[in-house]
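Dear colleague,

Please find below the structure that I am handing over to you. My notes on what was found in it follow directly after.

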Amino acid sequence: MLDELDGDLLGRFAKGDPDAFEELFRRFQTEVHHWILQIVRDTSMAEDALVEAFWRAYRGRARFDPSRSFGGWMRRIATNVAHDHLKAARARAGWSTADDRTPAPSGPDRELGEVVALAFRRLSPKLQVVATLAPIEERPYAEIADALDLSVGTIKSRVFRATRALRKELARLGIQP
């Protein structure tokens, strides 16, 4: 994300200047949308999360330190919003990891992809986030740790747990990695 912003713009934003907020929104909306889309993997959900992320940023502007990175701060907010949207989608869909019985694919690779996607959706939202950003999007652990406000060790642990859970779920669905 762009972090080369003048301190005046960031200071005005922190003080509640709507023009400064609008300028930051114009500069960052594409990057924030892309970041969220990498996590949620759904365009409609990403658009909703984008609006909510900037709304949260605006509401929390007084807590923003203009001497710090606006991009890092926005990544953290966007990640939290994306995580919340994943949890809400999971609850609405009523996904279950214990009782669903999906038969193993018997046809082409398309069916295999659907089973893998199903197994991925059954991960907890916090594991989905790291599994998307680390092994799929190949983001550095340090960047993910900064966005989630966690240590690099915690990110590594969650990636390990996500990988193990995916293997277990795929085996349950009849797919051997």
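The largest nonpolar core in this predicted model comprises 40 residues, and Ile-36 and Phe-70 have the most contacts inside it. Two or more residues of this core come from each of α1 (7-14), α2 (18-40), α3, α4 (70-93), α6 (125-136), α7 and α8.

As to the overall build, the chain has eight helices and zero strands. The chain has 177 residues, of which 40% count as buried.

Helix α7 (residues 141-148) packs with helix α8 (residues 152-172) at an angle of about 105°, and their axes are 8 Å apart. Because angles of 65 to 115 degrees count as roughly perpendicular, α7 is placed in that class relative to α8. On the α7 side, the residues that take part are Tyr-141, Ala-142, Ile-144, Ala-145 and Leu-148; they meet Val-152, Ile-155, Lys-156 and Val-159 of α8. Sorted by class, this contact has eight nonpolar residues, one charged residue and no polar ones.

Most residues other than glycine have a negative phi. Arg-41, which is not a glycine, has a positive phi of about 60°. Arg-41 lies in the loop between α2 and α3. Its relative accessibility is 45%, so Arg-41 counts as partly exposed. Asp-149 likewise has a positive phi, near 60°, and is a residue other than glycine. Asp-149 belongs to the loop between α7 and α8. With a relative accessible area of 54%, Asp-149 is exposed.

Finally, a word on confidence. The chain has a mean pLDDT of 85, and 87% of its residues reach 70 or more. Confidence is highest in helix α3 (residues 43-59), at a mean of 95, and lowest in helix α5 (residues 109-121), at 79. Over residues 95-106, the pLDDT is below 50, although this stretch has 22 contacts in the model beyond near neighbours in sequence. Where pLDDT is low, the predicted coordinates should not be read in detail.

With kind regards

How values were computed. Residues are numbered from 1 along each chain as its sequence is written. This is a predicted model: local features need pLDDT of at least 70, side-chain atom pairs count only at pLDDT 80 or more; totals for chains, interfaces and linings use all residues. Side-chain values use heavy atoms; hydrogens and water are left out. pLDDT is the predictor's confidence in each residue, from 0 to 100. Helices (H or I, at least four residues) and strands (E, at least two) are DSSP runs, numbered from the N terminus. Contact means heavy atoms within 4.5 Å. Axes are lines fitted to C-alpha atoms, for helices over the stretch in contact, and angles run from 0 to 180 degrees between N-to-C directions. Angles under 35 degrees count as roughly parallel, over 145 as roughly antiparallel, 65 to 115 as roughly perpendicular and the rest as oblique. Ala, Val, Leu, Ile, Met, Phe, Trp, Tyr, Cys and Pro count as nonpolar, Asp, Glu, Lys and Arg as charged, and the others, Gly among them, as polar. A nonpolar core is a set of buried Ala, Val, Leu, Ile, Met, Phe, Trp, Tyr and Cys residues joined through side-chain atoms within 4.5 Å. Buried means under 20% relative accessible area, exposed over 50%, partly exposed in between (1.4 Å probe, protein chains only).
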